Amino acid sequence: MEFRHLRYFLVLAEELHFGRAARRLSMSQPPLSLNIQQLEASVGARLFTRSSKSVALTAAGLAFVPAARALLDQAAEAARHARDVGQGMAGSLSIGFAGTMLYSGLPDILERFQARHPLLRLMLKELSSSEQLIELAQDRLDIGFVHTTRVPPELSQILVSSQAFVGCLPAGHALAQQASLSLGDLQGEPFAVVSRAVSPDYHERILSICIEAGFYPEIRYELRHWLSVVSLVSQGMGVALVPAALGRSAMAGAAFVPLDMATTPYDTHCLWKTARDNPALAAFVDAVRAANARRSG
């Protein structure tokens, strides 16, 4: 049984006339009759009764009509789905991100991309930069947003944000209402940081900024996520240096104060495997580039 047999059968079932059915199918009557005979042989039942004056569906033919339509509809849907996947319009994308991206443009990228590709399923995973590099290497992520300069050569990258560090203080701290913060004034305060194991780049960056300001920070708390750092500070348990975007979290009890010194910016890169042949991935990379263009414009 072939799909053409099903198409021929359904046209003949509608016309109940070999001549009219053949004209609709742009073929002559003998090949149409032959194809119907082949289908009947494949099914194992007569589907039509024929006479010199009429053609009628048998009971088996009547029962076969909805099944034949369903088979052709399923085949058409499978073809549409394969075509959409091949064009990057359907399927799924696995996207890794570090927490600060929730305040650095990722929601806008996702919203705009999903509006243009409603059949694509976006699966998000919050992971540290080092975890994302492992997942990308093992093809468990299609794309990631990381805060590291240690990028393997097989990955392509786009700089998506560059932001300063700011002081994060309890709202009731004596320095919380200042227009700018001299970092040396935090010497001796208990610091909260993202742990070295989770983000070695960030951890080293905080140490170097404090050392440049003339002191070594008293690290009391090592946490896995940026928002955990801000939450701990909001409870009055310590102070921190965090990317400026986290000020948009508007977490009650936390104040964000610009530093009075320039620091190396906190960069976020979008990464993906250069060799991956995935139209959906290519479309998402284009969306990231478009977001960059909107911000710079």
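In helix 8, the buried residues (under 20% relative accessible area, with exposed over 50% and partly exposed in between, for a 1.4 Å probe and protein chains only) are Trp-226, Val-229, Val-230, Leu-232, Val-233 and Ser-234. The model is a predicted one, so to speak of local features takes a pLDDT of at least 70, side-chain atom pairs count only at pLDDT 80 or more, and totals for chains, interfaces and linings use all residues. Residues are numbered from 1 along each chain as its sequence is written, and side-chain values use heavy atoms, with hydrogens and water left out.

Three strands form an open sheet in the order 10-7-11, with antiparallel pairing; a pair needs at least two DSSP bridges between its strands. Strand 10 (240-243) and strand 11 (254-258) sit at the edges with a single partner strand each, so one side of each has no neighbour in the sheet. On average, neighbouring strands here are turned by 40° against each other, direction ignored. Strand 7 (residues 165-170) runs antiparallel to strand 10 and is joined to it by four bridges, and Val-166 has Val-242 as its bridge partner in strand 10. Helix 8 (residues 226-234) packs on this sheet, touching strand 7, strand 10 and strand 11, where contact means heavy atoms within 4.5 Å. The helix direction makes about 135° with that of strand 10; axes are lines fitted to C-alpha atoms, for helices over the stretch in contact, and angles run from 0 to 180 degrees between N-to-C directions.

As for helix 1 (residues 3-15), its 13 residues reach 19 Å from first C-alpha to last, close to the expected 18 Å, which is 1.5 Å times one less than the number of residues. Buried in helix 1 are His-5, Leu-6, Tyr-8, Phe-9, Leu-10, Val-11, Leu-12 and Ala-13. Leu-16 follows helix 1, with a positive phi near 50°.

How values were computed. Helices (H or I, at least four residues) and strands (E, at least two) are DSSP runs, numbered from the N terminus.
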